[in-house]
Amino acid sequence: MTPKDASDAHGGRWSDLDRPPLNAASLRRALVREGSLWSSLDVVPVTGSTNTDLAARAGTLDEGAVLVAEEQTAGRGRLDRQWTAPARSGLFFSVLLKPSEVPVHRWGWIPLLTGVAVATGLSRAAGADTALKWPNDLLVSVGGAERKAGGILAERTGEDGIVVGVGINVTLHEHELPVPTAGSLALAGAVSTDRDPLLRAVLRSLERWYGTWREADGDPAVSGLQAAYAAGCATLGRTVRAELPGGRSLTGEAVAVDGDGRLVLATAEGVQQPVGAGDIVHLRPAGAGET
């Protein structure tokens with residue numbers, strides 16, 4: 001099926017002059033080329049979830065397939081949280097990776113790797129300061145407050161594949177934010193909110209980081225990934241509450257990200273406890289709120 005212009009379903013190509021549609025042909029010319037990781041790139045006007053769609057087709061696609069949606073109606077984040085945004089207000093895409101030569105126990109680094117790649121690409125192309133919240137959130141500063149502007153969701157598919165979904169709020173206005181703690185590149189003062197060069201920059205950054213990580217057999221230290229993630233992680237050095245599976249919680253200072261990609265908390269009891277799964281809340285002084 002040939003993707004239609006994403007704005008066809010929304011009242012005309014230039015229904016929002018601040019939000020022109022992506023140029024799929026131009027993106028393919030720039031990214032899908034011999035020797036590149038990216039093997040195909042499709043842009044669809046609207047879908048439920050790019051992760052769901054790409055996972056359903058993973059068995060028939062080569063590694064490096066990219067699916068971009070101008071609008072998602074059932075986008076998902078961690079813990080099955082819903083991700084919603086107006087059409088053409090952000091970048092909503094998924095990629096198919098097949099790191100068969102990397103030991104499976106190191107695949108847990110892929111969402112963290114994606115976070116580093118996204119933050120690196122956006123800092124260059126958008127000129128906005130970004131930070132990472134463990135394990136998969138992209139943070140920006142809006143009026144001195146820390147806000148979530150993006151998220152990452154990685155899901156296994158089949159025996160050898162991982163679909164990685166990325167959602168980034170680009171031009172969301174204050175009145176369009178789904179929750180008060182959300183943000184966007186525009187609200188953070190980005191010098192560019194043109195989504196075509198932003199997507200190119202993010203995918204090229206992801207290709208570089210993924211290639212370096214694979215060449216190191218997925219070793220986060222040898223590839224430089226562990227150090228890069230720690231350098232850009234806003235969670236480290238802060239007191240946080242980890243809300244763990246089963247309704248348990250753990251509070252402590254986030255002191256490191258270990259070799260398995262887990263967040264290490266130093267508790268008041270003097271114990272260093274690694275956390276591999278859970279929701280992390282950045283704690284602030286009383287009355288200042290949480291993120």
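**Entry 1: V264 and its partners**

I began in β13, where P274 is the bridge partner of V264. The model I am reading is a predicted one.

β12 and β13 run antiparallel and are joined by four bridges. Strand β11, residues 249-257, and strand β12, residues 263-266, also pair in the antiparallel sense, again over four bridges.

I checked both connections. β11 and β12 form a hairpin with five residues between them, and G261 in its turn has a positive phi of about 80 degrees. β12 and β13 form a hairpin with five residues between them as well; there the turn holds G270, with a positive phi of about 85 degrees.

**Entry 2: the sheet**

In what order do the strands of the open sheet lie? I read β13-β12-β11-β10-β14, five strands with antiparallel pairing. The edge strands are β13 (272-275) and β14 (279-282), each of which pairs on one side only. From one strand to the next I get an average twist of 45 degrees.

**Entry 3: α3 against α4**

I turned to the helices. Two packed helices are described by the angle between their axes and the distance between the axes. For helix α3 (residues 110-125) and helix α4 (residues 195-215), the axes come within 8 Å and cross at roughly 135 degrees. Angles over 145 degrees would count as roughly antiparallel and 65 to 115 as roughly perpendicular, so α3 is oblique to α4. The crossing of α3 with α4 is right-handed.

I listed the contact. From α3 it takes I110, L113, T114, V116, A117, V118, T120, G121, L122, R124 and A125, and from α4 it takes P197, L198, A201, V202, S205, L206, R208, W209, Y210 and W213. By class I have 15 nonpolar, four polar and two charged residues in the contact of α3 with α4.

**Entry 4: α1 against α4**

I divided the residues of the contact of α1 with α4 into five nonpolar, one polar and three charged.

**Entry 5: backbone exceptions**

Most residues other than glycine have a negative phi, and most peptide bonds are trans.

Which peptide bond is cis, with omega near 0 degrees? I found the one from W134 to P135. P135 sits in the loop between β6 (130-133) and β7 (137-142).

R88 is not a glycine, yet it has a positive phi of about 60 degrees. I located R88 in the loop between β4 (82-83) and β5 (90-97). Is R88 buried or exposed? Its relative accessibility is 3%, so I logged R88 as buried, the cut-off being under 20%.

D217, also not a glycine, has a positive phi of about 55 degrees. I placed D217 in the loop between α4 and α5 (225-232). With a relative accessible area of 42%, D217 is partly exposed.

Methods. Residues numbered from 1 in each chain as written. Predicted model: local features only at pLDDT ≥ 70, side-chain atom pairs only at ≥ 80, totals over all residues. Heavy atoms only, no water. Axes fitted to C-alpha atoms, helices over the stretch in contact; angles between N-to-C directions. Helix = DSSP H or I, 4+ residues; strand = E, 2+ residues; numbered from the N terminus. Parallel < 35°, antiparallel > 145°, perpendicular 65-115°, else oblique. Left-handed = near helix turned anticlockwise from the far one by under 90°. Contact = heavy atoms within 4.5 Å. Nonpolar A, V, L, I, M, F, W, Y, C, P; charged D, E, K, R; others polar. Pairing = 2+ DSSP bridges. Buried < 20%, exposed > 50% of the residue type's maximum accessible area, 1.4 Å probe, protein only.
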